[in-house]
Amino acid sequence: MTLHEHIYPATGKSNAQVVLAGAQEIDQAVAAAKVAQRQWISLTAEQRRDLLINLADVVHEHLDELAALNVQDYAVPISYAGNAVLLERFLRHYAGYIDKPLGSSNPGPADLNLIEREPYGVVAVIAPWNGALVVAASCLAPALAAGNAVVFKPSELAPLASLRFGELCSEAGLPPGLVGVVPAGAAGGDALVRHPGIGKVAFTGGADTARRVLCSATENLTPVITELGGKSANLVFADADLDAAAALSAHQGPLMQSGQSCACASRLLVQDGVYDAFLEKFLRVIGSAVIGDPLDPTVTFGPVISQSAADRILAAIDEATASGATLLTGGRRMNGSLTSGFYIEPTVLADVDNSSAIAQTETFGPVVSVIRFSDDDEAVRLANDSVYGLNAFIHTRDLARAHRVARQLESGSVWVNTFSDISPQGPYGGYKHSGSGRTGGLEGLQEFLQVKNIRLALA
Ligand code: NAD
């Protein structure tokens, strides 16, 4: 057990001391979860459904509190802090599956062939700092609905809303230990992944960490699903509604969570004929961002997570301009009343070569690279020229083009004339280095169920 100084990114000042779990606390959480899971699965389907609905109701009663804690966690502007709303929606959605039969049978002439779906037991859910409640929604809710217990590990950088959610699970009447929240850093995360009591790992985070998690999971051959980063291409065709495309691209690009989102549309591909007209509108929307105190409901743009993140992002911008990119706006640390926080101006780089580091590496900051294209084929080639494949965006009025291009994009999700609006019904996940497995929908539930075949001779 160690103490971690939680720094509030909007001020750079200490916010709280967080007790981090070590191997011993992880061990205790897994043991408690194991006992609770047996209790959970011994309830009737109706009882489990009602408890999960009750948890959704309790979350609903605490939406404002959870949103405020979200702001304290990583200084996301309160105007964007809707993660708890998503959590409530996912809990209600997955509660609805619990009392529906999912098994099937395939009777033969002389036997009964039953196909049953069973929980893994205790699932480890590991969350990144930029959306622990979203990961609780997309992974913890289906894992519980499938009959598992969950040991939930938020990042040490943003553990506050998750800790409160853990308390709400008890208040909602879930068996003690069914949801264990263990804030920890890399060492605690590694102990969790290697723990022999874990039946499955759901990891959300960066690709480099995922490589370490996958290696550690081989110790007990524990299955892992991964939800990783992205370098999403955002295709603006000449026939698009340019005003709507500019507003959506600015929101999905540098503005939402200061670009610190797996779904950040960080590669902006614009067709030749509208390049200048579109960029003018895009830069105007970015210029209208309200930057400041994340607790002010009118503020739409906040700081990045840490001093080291700010240093890394500024170095990436400098490297891009040194390699020939043109800085259209931003590129600096903000000063004045924002000096002590980790604020970086929304940044747009033009004349970016798609093979350059700024276009290929996840910047995880408020930085967008603009690249020109001439026709559909070039747009698809550039979009797919990335190791990532999490989200892609298309802006066009031509529905046939939208379908054609969407099918050619190597991406788990394609959003046409909209932003990445994650919903409980939509399976979400990555192609290529953006991960494996899906969260959301029936596909997301099945990630937390294993299939058993039972044959019964009738003769
Ligand atoms: P990270 O990879 O640094 O950390 C993710 C989590 O893993 C944290 O809880 C961290 O403590 C833990 N961890 C670190 N080392 C570990 C180890 N060896 N074993 C087990 N756990 C370990 O990522 P981050 O900086 O917290 O989050 C940003 C990344 O997450 C970005 O790449 C972003 O794109 C990605 N992300 C993906 C999605 C998605 O749904 N695909 C959603 C949000 C964020």
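**Exercise 1. Determine which helix gives the most residues to the shell around the ligand, and describe that shell.**

*Solution.* Helix H7 gives the most to the shell, with three residues. The structure under study is a predicted model.

Step 1. Consider the shell as a whole. There are 27 residues around the ligand, and those that come nearest are Ala 127, Gly 206, Thr 209, Leu 228 and Glu 362.

Step 2. Sort the shell by residue class.

**Exercise 2. Identify the protein atoms that lie 2.7 Å from an atom of the ligand, then examine the side chain of Glu 362.**

*Solution.* Step 1. Begin with the backbone. At Ala 127, a backbone N or O atom lies 2.7 Å from a ligand oxygen atom. At Leu 228, a polar backbone atom is 2.7 Å from a nitrogen atom of the ligand.

Step 1. Turn to the side chain. An N or O atom in the side chain of Glu 362 is 2.6 Å from an oxygen atom of the ligand.

Step 2. The ligand taken alone exposes 860 Å², of which the protein buries 85%.

**Exercise 3. Characterise the second largest pocket by its volume, its lining residues and the elements that supply them.**

*Solution.* Step 1. State the volume. The second largest pocket holds about 280 Å³ of space.

Step 1. List the lining. The pocket is lined by 16 residues, and Ile 98, Lys 100, Leu 102, Arg 117 and Leu 449 lie nearest its centre.

Step 2. Assign the lining to elements. Helix H4 (83–98) and strand S4 (111–119) are the elements that give two or more residues to it. Strand S4 gives the most, with four residues.

Step 3. Classify the lining. It divides into 10 nonpolar residues, one polar residue and five charged residues.

**Exercise 4. Locate Val 299 and decide whether Val 299 is buried or exposed.**

*Solution.* Step 1. Find the position in the chain. Val 299 lies in the loop that runs between helix H10 (275–287) and helix H11 (307–322).

Step 1. Apply the cut-off. A residue is buried when its relative accessible area is under 20%. Val 299 has 3% relative accessibility and therefore counts as buried.

Step 2. Compare sequence and space. Pro 77 is 222 residues away from Val 299 in sequence, yet the C-alpha to C-alpha distance between Pro 77 and Val 299 is 6.3 Å.

Conventions
Residues numbered from 1 in each chain as written. Predicted model: local features only at pLDDT ≥ 70, side-chain atom pairs only at ≥ 80, totals over all residues. Heavy atoms only, no water. Near = heavy atom within 4 Å. Polar contact = N/O pair within 3.5 Å; in protein donor to acceptor, adjacent residues only side chain to side chain. Areas by Shrake-Rupley, 256 points an atom, 1.4 Å probe, with all protein chains shown as cover. 1 Å grid on protein atoms, 1.4 Å probe; cavity = no way out; pocket = protein on both sides within 12 Å on 5 of 7 lines; lining within 4 Å. Points joined across faces, edges and corners; volume = space filled by probe spheres on them. Nonpolar A, V, L, I, M, F, W, Y, C, P; charged D, E, K, R; others polar. Buried < 20%, exposed > 50% of the residue type's maximum accessible area, 1.4 Å probe, protein only.
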